[in-house]
Amino acid sequence: MAMLVVHHYLDEPMDAGATPPKRTTVVALGFRNARRYAGIMAALAALLYATLGATVHPAFFLGAIFTAPAAWIHFRIEPTDLKSVTRGELRVIQLGVAAGLSTAPALWPLLPIAAVGYFAHLAVAAPPAELARAWRKVRATDSGPRRP
């Protein structure tokens, strides 16, 4: 659910200005509070995973391990910056998929197939060149693509 808030950050100006206004969480709460809301929701999910790990099955501890960093990422996203939102959203999605799959031991044998499929998807659905490295921070001294 927190990832969906991130998905709406960049649309906020258009959503707020639409007729009638599109009422997303980001429009309703504003950037600052929407970021807090998303971070708190992810932190609560990590706590829920940990509680389920202690009471239901230890595999849920893996869900907590993958979800806790997602909460931290939510608090660090700059909602008005395209690269920050793109990088943060991708990381949150990756951690969410990992958390979900990690809690289902019966699916663990399928993880290599899922990984191959994910990397094949990334190879085919590459982002535009200006966002190609948005998932990682680029040093300010980088002036463009590296040449061999």
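Reply: Start with a definition: a patch is made of residues with over 30% relative accessible area and no salt bridge, with like charges joined within 9 Å and nonpolar side chains (Val, Leu, Ile, Met, Phe, Trp, Tyr) within 5 Å. Areas come from the Shrake-Rupley method with a 1.4 Å probe, and for residues only the protein chains shown count as cover. A salt bridge is a side-chain nitrogen of Lys or Arg within 4 Å of a carboxyl oxygen of Asp or Glu. This is a predicted model, where local features need pLDDT of at least 70, side-chain atom pairs count only at pLDDT 80 or more, and totals for chains, interfaces and linings use all residues. Residues are numbered from 1 along each chain as its sequence is written, and side-chain values use heavy atoms, leaving out hydrogens and water.

Me: Which residues make the nonpolar surface patch?
Reply: Ile-40, Leu-44, Leu-47 and Phe-75, covering about 390 Å². Helix α3 (residues 25-55) gives the largest share, three residues. Helices here are DSSP runs (H or I, at least four residues), numbered from the N terminus.

Me: Leu-47, buried or exposed?
Reply: Exposed, because its relative accessibility is 55%; the cut-offs are under 20% for buried, over 50% for exposed, and partly exposed in between (1.4 Å probe, protein chains only). Leu-47 sits in α3.

Me: Other end of the chain: where is Val-6?
Reply: In helix α1 (residues 2-9). Val-6 counts as buried because its relative accessibility is 1%.

Methods
Helices (H or I, at least four residues) and strands (E, at least two) are DSSP runs, numbered from the N terminus.
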